Amino acid sequence: ARALTPQTAETDAIRFLVGTQSLRYDNQIHIIDFDDENNIINKNVLLHQVGEIWHISTSPADKGVLATCYNKTSDTKVMTCAAVWRMPKELESGSHESPDDSSSNTQTLELLCHLDNTAHGNMACVMWEPMGDGKKIISLADNNILLWDLQESSAKAALSSSAALEGKGQLKFTSGRWSPHHNCTQIATANDTTIRGWDTRSMRQIYCIENAHGQLVRDLDFNPNKQYYLASCGDDCKVKFWDTRNATEPVKTLEEHSHWVWNVRYNHSHDQLILTGSSDSRVILSNMVSISSEPFGHMVDDDELSDQEDQHQEEKIKEPLQDSVIATYEEHEDSVYAVEWSSADPWLFASLSYDGRLVINRVPRALKYHILL
C-alpha cells in the first residue's frame, strides 16, 4: 500500500483511509477508525475493483466522497486514471464498531464520475479545494493541470480550465498541493527538481523555484498559518522550507533522512510540528519553531506579570526556541510512502509503509504540554 489520507470532513472521530496496491486481488480501501479511549483500531473494507491505488484524497465538505488515482490496463498499456467515489451511507461517519466477521460483508464503492484524462495523460494526484464546498478539484495529469467542477451531486465532472507545463523533454508533475490561503486561488506543483506556483483563476504561473532539490521533488505542503511558507521534500534526502516571495534560497533545510523523502506534512493546528516519511523506513517528527507562526512561544500580556516575572519573561521571549528532531519512529520495516495528521486530533498521526503496515502514533506528551501551556 502507498495511499493514505485522513477523512478530512470528519472532525470528531479519528479516521484514515488506506488504498491497496495488489496485482493479484481486487484492490480495497480500508476505513481505519481509531478508538482513542480504548486504544483499539476498527476496520471496514470497501472494494475498489478498478485497479491498484496510487493516490487517495477525501472531500473537505462531504464525509462520504473521495477520489482515487489508480492503474488501469488496456491493450498492453497501463494508464493511471482518476475517479470520484461515494462510500456506503452507513460508513460515512467515523467510530463504528467493527463487524465480527469482516470478510462476509465487504461492500463496494459507488462510482460518481471519472475525471476523463484520455487526452491529458497519467494522473499523478487529485486535490480538493481546501475550504470549499467539495465541488472544485484539481488533478495533475502528466504535464497538465486540470480544474474540474463537480456537478449534480458529484455525478458529473466538467473541465472548467486547464494549463500545460511547457518546456523541453517529457515534463511530468509528481505532486501538488492546494494552498489554503489567498482565498484558495493558488496551488503549488512539483515536476522533476522544480516547484511552481499557479493562480487557479488565470491558470498562469506565479512563481518558480528551479533546482529546489538536487533530485526529484516528491511532495509539498503549505504552512496552515503562514501564507507564503511551503515545505518540500525529495530524492536528495532533504526537507526544505521556502518563503515563496523570495525563493532563491530555502529558509531552512532538514537533513535527517538517509534515503528519498516521500512525504512532508505540516500539523494543521501547530505549524511548528512537521512529519516526514522516507524510504529509509523511518518517520521523523521535527519541531521547526524558528519558522513557525509562534517562534517565541505564546506572547504573554504584560499586565498579567509581576515585576520579577516581567524581567524573567522578557529574557525568555528574547531567546527563540531551538529547532530539533522530536522523535524518530522505526516501527516500519519497509519504505514509508505516506504520513498524515488526523483531521480530528491534532496530536495524532498515521504512517503507511509499502508492506501494508499502518502505524498510528501520538506526539510525545511532554512536547504537547510544552506547546499548549
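How many salt bridges does the rule find across the interface of domain 1 and domain 2? It finds one. A salt bridge here is a side-chain nitrogen of Lys or Arg within 4 Å of a carboxyl oxygen of Asp or Glu. The side chains of Arg362 and Asp36 form a salt bridge, with N to O at 2.6 Å.

This is a predicted model: local features need pLDDT of at least 70, side-chain atom pairs count only at pLDDT 80 or more, and totals for chains, interfaces and linings use all residues. Residues are numbered from 1 along each chain as its sequence is written, and side-chain values use heavy atoms, leaving out hydrogens and water.

Now the layout. Domain 1 covers 1–90 + 107–164, and domain 2 covers 175–295 + 319–372. The bounds come from an automatic or database domain assignment. Taken over C-alpha atoms, the two domain centres are 21 Å apart. Domain 1 brings 37 residues to the contact and domain 2 brings 33 residues, where contact means heavy atoms within 4.5 Å.

Next, the area. About 2,700 Å² is buried between domain 1 and domain 2. That is the accessible area (1.4 Å probe) that two parts lose on being put together, summed over both. Carbon and sulfur atoms give 74% of it. In domain 1, the residues losing the most area to domain 2 are Arg2, Leu4 and Phe16. Together they make up 23% of what that side buries.
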